[in-house]
Amino acid sequence: MTNSRRLSSIHVQSINLWAHVGVLEQERLLGQAFLLDFTIWIDLETAAKNDDLSKTADYSLAVKSIQQLSLEINCFTIEHFSELIFNKLEALYGVVPIQILLKKCNPPIYGFSGSVSINRARNMHLII
């Protein structure tokens with residue numbers, strides 16, 4: 001079966017977040033820095049041809065919604081945080097292909113000065 005809809009992607013990169021996520025009680029109490037990139041795939045043809053704002057995704061809504069989520073969350077895992085981000089994006093844009101890269105900027109691991117990221121995708125089977 002061929003889907004006549006052609007999907008394009010919108011990439012939003014380097015959203016600075018402060019969230020209370022981590023295994024250590026101190027991480028959940030004090031919070032820490034995260035960076036988020038996300039991509040959504042939607043049909044942008046009409047918006048592109050007609051300069052029609054109603055046929056595209058207002059990514060500012062996603063940024064604001066995820067920033068608010070990060071202020072409210074208190075959980076153990078970055079995986080759970082990512083799941084809640086997926087839920088926010090789907091609430092805004094519906095069931096569309098989504099990919100996120102969520103980076104914990106300074107995990108409290110002795111002798112480690114790097115970052116830890118997870119890359120997750122949802123509904124990717126919808127891309128043609």
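I began with the aromatic pairs, taking rings of Phe, Tyr and Trp (its six-membered ring) as paired if their centres lie within 6.5 Å, with planes under 30 degrees apart counted as stacked, over 60 as edge-to-face and the rest as tilted; the count by this rule is 1 aromatic pair. The pair is formed by Phe34 and Phe81, whose ring centres are 5.4 Å apart and whose planes stand at 85 degrees, so I noted it as edge-to-face. It links distant parts of the chain, 47 residues apart, with Phe34 in strand 2 (residues 32-42) and Phe81 in helix 4 (residues 78-93). Helices (H or I, at least four residues) and strands (E, at least two) are DSSP runs, numbered from the N terminus.

This is a predicted model, in which local features need pLDDT of at least 70 and side-chain atom pairs count only at pLDDT 80 or more, while totals for chains, interfaces and linings use all residues. Residues are numbered from 1 along each chain as its sequence is written, and side-chain values use heavy atoms, with hydrogens and water left out.

I then looked up burial, where buried means under 20% relative accessible area, exposed over 50%, and partly exposed in between (1.4 Å probe, protein chains only). Phe34 is buried at 1%, and Phe81 is buried at 0%.

Last I turned to His20, which is found in strand 1 (residues 8-21) and counts as buried because its relative accessibility is 19%.
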